[in-house]
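Hi,

Here is the structure we talked about. Please open it alongside this note; my findings follow below.

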Amino acid sequence: MKYRLIGDSCSDLDAGRKADPHYTIVPLSLQIENYQILDDASFNQKDFLSRIKRSNASSKTACPSPQDFKNAYECEEDNIFVVTLSEHLSGTYQSAVIGKQLFEEEHGDSAKNIFVLSSHGASATQLRIFIELERLINQGFDFNKICEEITKFRDRAKTYFVLEDLETLRKNGRLSGLSAFFATKLNIKPVMGAENGRIVKLDQARGINKALAKLVEIAQKDAKLFEGEKTVVITHVNNPERIEYVAELFRNTGKFKDIITSEAAGVTTVYACDGGIVVGLG
């Protein structure tokens, strides 16, 4: 199968997949005060984090346009699989869908096979879905079967995260509907997750390391819901020591076949903030 894997810039690909020619990333844009950039290969994480710390304004993101996705679909491959941020967190999924409509209006709906999937999560979960897509493609399934199986996989996949600071998520409305649980003076860190694409609180602990241990404990219990060997993806924001700590916690469980790590690009940096950890399980 000649195929193309297309994600938005919250996909946070690991180093090997960034160099894989099967992948195309459609960037969101990032803004803090009057400073605006694309979340592409030019993104400088340390510079952007420095700008966040110096500013009293909240940093923001903007989704790609439908035309951006249409342009990505104008590739040589005839089978295209698109994985986006949850539609409850960003307009990126809708842009990808409209981009498909624009492409089909111009070329006809039989010109290419294009499948657009909301990850119902973000970051590490998007990467985990891409890894499963690779596995299904390599097994030789046809396009429709892959679409069916990856949708089932998405519905089972789990997202978890622990952040140093939830303020950016709160200011941008990503925590709407959740009761207040901010207890910064007591150093209480919530363990968050996603249900049907919406952010939920799963547990909490005092201190970041205890919260991360609680995250791994929850993931280990959830892993029983999956048949066969499990893979976990861990993404970090500017804290390689912390991601190694979390990876070691997962290794010590003996429950996971592969533990894959990646560095956050711009979107995850904006919302997970300095030191944040995001985990995708499937």
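The axes of helix α5 (residues 124-138) and helix α6 (residues 143-156) come within 10 Å of each other. They cross at roughly 145 degrees. The crossing of α5 past α6 is right-handed. Keep in mind that this is a predicted model.

Which residues make the contact between α5 and α6? From α5 come Arg128, Ile129, Glu132, Leu133, Leu136 and Ile137. From α6 come Ile146, Glu149, Ile150, Phe153 and Arg154. By class, that contact counts seven nonpolar residues and four charged ones. No polar residues take part.

Now the sheet. It is open and has three strands, in the order β4-β3-β5. The pairing is antiparallel. β4 (35-38) and β5 (60-62) are the edge strands, and each of them pairs on one side only. Neighbouring strands are turned against each other by 25 degrees on average, with direction ignored.

How many bridges join β3 and β5? Strand β3 (residues 29-32) pairs with β5 over three bridges, in the antiparallel sense.

One is the right-handed crossing of α5 and α6.

Best wishes

Key. Residues are numbered from 1 along each chain as its sequence is written. This is a predicted model: local features need pLDDT of at least 70, side-chain atom pairs count only at pLDDT 80 or more; totals for chains, interfaces and linings use all residues. Side-chain values use heavy atoms; hydrogens and water are left out. Axes are lines fitted to C-alpha atoms, for helices over the stretch in contact, and angles run from 0 to 180 degrees between N-to-C directions. Helices (H or I, at least four residues) and strands (E, at least two) are DSSP runs, numbered from the N terminus. A crossing is left-handed if the near helix is turned anticlockwise from the far one by less than a right angle, and right-handed if clockwise. Contact means heavy atoms within 4.5 Å. Ala, Val, Leu, Ile, Met, Phe, Trp, Tyr, Cys and Pro count as nonpolar, Asp, Glu, Lys and Arg as charged, and the others, Gly among them, as polar. Two strands pair if DSSP finds at least two bridges between them.
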